[in-house]
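Have a look at the sequence and the structure, and then read on.

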Amino acid sequence: MGLWLGTPTLVWAVLMLATCASTWWLKSGAATSMLATAAILVIAAVKVRLVIIHFMELGDAPLKWRIFFELWVIVFSGVILAGFWLSAH
Amino acid sequence: MSHVLSEKTRRLPGEAGVWIFVGADMLMFGLFFTSFVIERSKNVELYNLSQQALNFNYGGINTLILLTSSWFVVLAVHAAKMDKVRHVAYLLAAGALCGLAFCVLKVVEYTEKISHGISMLTNDFFMYYFILTGIHFFHVIVGTVMLFILCRKALAGTYHSRNVLWLESGATYWHMVDLLWIILFPLLYLMR
């Protein structure tokens with residue numbers, strides 16, 4: 001495959017669409033506020049993982065490095081989601 | 001990508017030292033995020049009310065700009081590995097210009113806030129807003145300058161399939177700047 005047609009371009013397109021969906025669809029009340037925020041936060045975590053695996057190329061890196069960064073996403077996304085959920089109740 | 005790599009064939013792109021710095025920086029931001037959600041939970045009404053003064057269009061557009069910049073930088077690394085030496089320089093220039101666009105939009109946003117009498121002393125939400133986006137903004141400025149320097153070196157033909165180490169290291173830093181904003185944006189502008 002050439003330079004432009006490959007996994008990075010596909011991942012970039014997904015990231016752009018996910019950003020537009022979060023910012024201008026979910027934010028504008030397509031779902032209930034709490035559900036929308038939870039979805040926005042989950043989408044952000046998925047986007048970060050896509051950047052880590054495909055842009056930073058940690059998918060092909062030694063496992064200890066990959067695990068550290070994957071854990072970072074899980075831990076801090078979990079903290080943010082838990083903080084949001086607790087403050088909403 | 002369905003291939004499975006053995007531990008021997010797995011490779012960390014760029015310098016390991018850069019990855020240690022990136023990991024430490026991300027841990028620091030992780031603690032900032034944690035501190036923000038804890039403080040927010042103590043006064044949700046104030047945080048939600050203050051958030052309404054932010055223009056999420058700026059944040060959204062800046063996210064699209066950084067994602068596109070990251071994409072250009074990924075392609076620059078791939079171009080170097082394919083020995084498309086001129087492409088490396090053009091793609092890094094495109095990435096750097098995106099970084100510059102982020103900076104311009106950030107300055108417009110800050111100016112707008114300050115002209116409306118909003119500063120980091122206004123309340124806790126805006127203290128977090130200015131400090132978190134300010135530290136991130138500093139990272140973007142450093143990254144943009146770095147991309148212009150890498151671009152200049154690329155124009156001289158420095159980066160090709162046998163010399164990608166520092167190009168990959170620069171790319172790693174720039175992707176970190178991107179991913180931190182991916183979290184910061186919903187945290188400050190969208191979560192309510």
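Two residues are in contact if their C-beta atoms, placed from the backbone, lie within 7 Å. By that rule, 38 residues from chain A and 43 residues from chain B take part in the contact between the chains. On the side of chain A that touches chain B, α1 (7–30), α2 (33–55) and α3 of chain A each give two or more residues. α3(A) gives the most, with 11 residues. Sorted by class, that side of chain A has 25 nonpolar, 9 polar and 4 charged residues; here Ala, Val, Leu, Ile, Met, Phe, Trp, Tyr, Cys and Pro count as nonpolar, Asp, Glu, Lys and Arg as charged, and the others, Gly among them, as polar.

A word on the ground rules: this is a predicted model, where local features need pLDDT of at least 70, side-chain atom pairs count only at pLDDT 80 or more, and totals for chains, interfaces and linings use all residues. Residues are numbered from 1 along each chain as its sequence is written, while chains are lettered from A and ligands numbered from 1 in the order in which they are written.

Now for chain B. It has 6 helices and 0 strands, with helices (H or I, at least four residues) and strands (E, at least two) taken as DSSP runs numbered from the N terminus. Its C-alpha atoms fill a box of roughly 55 × 35 × 30 Å along the principal axes. Of the 192 residues in chain B, 43% are buried. A residue counts as buried if 20 or more other C-beta atoms lie within 10 Å of its own, exposed if 12 or fewer, and partly exposed in between, with C-beta atoms placed from the backbone.

Helix α1 of chain B covers residues 16–42 and reaches 40 Å from its first C-alpha to its last, close to the 39 Å expected at 1.5 Å a residue (that is, 1.5 Å times one less than its number of residues). Its buried residues include Trp19(B), Phe29(B) and Arg40(B). The buried residues of α1(B) pack against α3 (63–88) of chain A, and also against α2 (44–51), α5 (124–155) and α6 (165–190) of chain B.

How do α2(A) and α6(B) pack, and at what angle? They sit at about 180 degrees, with their axes 9 Å apart; axes are lines fitted to C-alpha atoms, for helices over the stretch in contact, and angles run from 0 to 180 degrees between N-to-C directions. That makes α2(A) roughly antiparallel to α6(B), a label for angles over 145 degrees. Among the residues making this contact are Ile52(A) of α2(A) and Leu179(B) of α6(B).

The largest nonpolar core has 80 residues, and Ile52(A), Ala76(B), Val88(B) and Leu92(B) touch the most other members. Such a core is a set of buried Ala, Val, Leu, Ile, Met, Phe, Trp, Tyr and Cys residues joined through C-beta atoms within 7 Å. α6(B) gives the most to this core, with 17 residues.

Leaving aside neighbours within four places in sequence, Cys98(B) is in contact with Ile65(B), Thr68(B), Ser69(B) and Phe72(B). Arg86(B) lies 15 Å from Leu147(B), C-alpha to C-alpha, though the two are 61 residues apart in sequence.

Terms used
Parallel < 35°, antiparallel > 145°, perpendicular 65-115°, else oblique.
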